[in-house]
Amino acid sequence: MRSRPSPWRARYQQRFAAPQTVVVQPTTWCNLDCRYCYLPLRKLKHQMPAEVAEALAQAVAQFDDSGHPVGVVWHGGEPLAVGRHKFKTLLAPFEGLRRVGRVDHYVQTNATLLTDTWCELLAAYRVRVGVSIDGPAALNAERVDLRGRPAFDRILRGIARLREHGIPFSVISVVGALGAAVPEELLEFLASLGSHSVGFNIEEIEGVNTERQPPTAVQAEEFWRRILTWSREHPGAPPVREVERLVEYLQLIRCGRRTEWERRRLDPIPTVSWKGDVVLLSPELADTAAPEYGDFVAGNVLEQPLAEILCGAHRLGYVRDFLTGLSRCEAACEFFDFCRGAQAANRYFENGSLQSTETNYCRVSRQALVTALSTLATKETAV
C-alpha cells in the first residue's frame, strides 16, 4: 500500500527551491569586535577541518546541475583569519566543480587582512569579494578591533589592494541611527570606493546584539526616500541592492510577468558550520542556543550528505513553524507580494517564534522601502 505524501513536504516544496547558495563558516573567530555584531562565538578560534570542506564539496557535486553555479559563500567570523594556506586547503575540494562552472566562490570580509598575496589567491580562484564597511570614519566607528581601536584605515587599505589588483567587489553597510540620518553622505562615500554594488543592512536585533536601538520605521522610510532620490540623480553610481530588487519586481509586474515573480521560491540557504553542522533558513541561526529547536541543527555533513539533510527539512520543527509563519504573512500582509516573507532569524530573535509574522526587519527593510517609493511617486504625480 503506497504511503500518503506528507503535507509538510508539499508545503516545503511549494515555498523552497533547491539551494542556490551554501554559506560556509571557515572559522568562528574574528579579528574585529564590532559593537553590533550578532555572532556569539566570534572570540573563539575554531577552524574548519579539511574533511568538512571535502564532504561538503562531494555533497554539492551531487546536486542537480541547474545550469547555474551554486554560490559557496565563505562567511564569518572573519574568513581570511584562517590564513592563506588554510583557506586554499578549504577551496581545493571545490576546484573541479569551479572549473566546470558548477560553483562560484564568494567571501564576505572586513578587508583588514587583505594583502597582495591574498589578492593573488582570490584572483586565482575567482573568488567574488564583498567588503563590510559602514561609511566614512564617523559612521564606521562601531567597527573596532579587539583592543577597541578603529578599523577604518585598515579597511580602506584592504579596499585599495583590491582595486590595485583589479578585483571587483561589492560593499555592505550596516546602517544604524547615525547613518540613517545622512544617507547622501553615506552613498557619496560608498560610491567613491569603486565597488560594483552597494547593500544596506539596517541594524537588526539578532543573536547577541539585543541591547542596541535600531532605526525606527519612520527613520527608515525617510532613509530609503533619500536613497531613491540620490540614486536617481546619480545614474552612474553603483546600484543599491535593495533598490534593484524593488525595480526588478516592479518591472516584471508592469510587463505582465507577475507569474514569473510569483514562481520564484525561497532559498533554504544551508549554512555549514566549522564542524559540519548544518542550519537552514538563515545563517544568523547558526551557533544559536535554542533547545526547543535542537539549536537549529538539521544534520552534519560528516555524517549525512547535504542533499539528504535537505530532503528531510520538512520534518524539522523550526522549518514547519516558519512555513506556518509564511502562510500567515501571505494571508494578512499587503507587502507579501514583494517581500515574500521575513527572514527566519528575525522572527525568532525579535518575536521569539518562527510562526510569527511582522518584524522590525520587515518594517524597516522591506515595507519602508516600498512606502518611500510610493510617497515619492505620489508627490511627483501631484506636481
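View A. Strands are DSSP runs of E with at least two residues, helices are runs of H or I with at least four, and both are numbered from the N terminus. The model is predicted, so that local features need pLDDT of at least 70 and side-chain atom pairs count only at pLDDT 80 or more, whereas totals for chains, interfaces and linings use all residues. Residues are numbered from 1 along each chain as its sequence is written, and side-chain values use heavy atoms, with hydrogens and water left out. When neighbours within four places in sequence are set aside, V70 is in contact (heavy atoms within 4.5 Å) with P19, Q20, V22, V60, F63, R102, V103 and D104. D145, by contrast, is 75 residues from V70 along the chain, and the C-alpha atoms of the two are separated by 33 Å.

**View B. The loop that holds N31.** N31 sits between β1 (21-24) and α2, and with a relative accessibility of 14% this residue counts as buried. Apart from residues up to four places away in sequence, N31 touches E78, N110, T112, L113, D145 and L146. G341 is 310 residues from N31 in sequence, and their C-alpha atoms are 34 Å apart in space.

**View D. Two residues of helix α1, R15 and R9.** R15 lies in helix α1, which spans residues 7-15, and is buried, with a relative accessible area of 14%. Not counting residues up to four places away in sequence, R15 touches R265, L266, L323, L326, S327, E330 and F336. R9 is also placed in helix α1, but R9 is partly exposed, with a relative accessible area of 31%. Under the same exclusion of residues up to four places away in sequence, R9 touches C311, H314 and R315. Of these, H314 is 305 residues from R9 in sequence, while the distance between their C-alpha atoms is 5.3 Å.

**View E. The packing of α8 against α9.** Helix α8 (residues 183-192) and helix α9 (residues 217-233) have axes that come within 9 Å and cross at roughly 45° (axes are lines fitted to C-alpha atoms, for helices over the stretch in contact, and angles run from 0 to 180 degrees between N-to-C directions). This angle makes α8 oblique to α9, given that angles under 35 degrees count as roughly parallel, over 145 as roughly antiparallel, 65 to 115 as roughly perpendicular and the rest as oblique. On the α8 side the contact is made by P183, E184, L186, L187, E188 and A191, and on the α9 side by F223, R226, I227, W230 and S231.

**View F. The packing of α3 against α5.** The axes of α3 and α5 come within 11 Å and cross at roughly 5°, and the two helices are therefore roughly parallel to each other. R84, F87, K88 and L91 of α3 meet T117, W118, L121 and L122 of α5.

**View G. The largest nonpolar core and its residue V131.** The core, a set of buried Ala, Val, Leu, Ile, Met, Phe, Trp, Tyr and Cys residues joined through side-chain atoms within 4.5 Å, has 109 residues, and those with the most contacts inside it are W74, V131, I133, F200, W224 and Y318. Helix α2 (residues 50-61) contributes the largest share of this core, seven residues. Beyond residues up to four places away in sequence, V131 touches Q108, T109, A111, I155, I159, L162, F169, S170, V171 and I172.

Note on methods
Buried means under 20% relative accessible area, exposed over 50%, partly exposed in between (1.4 Å probe, protein chains only).
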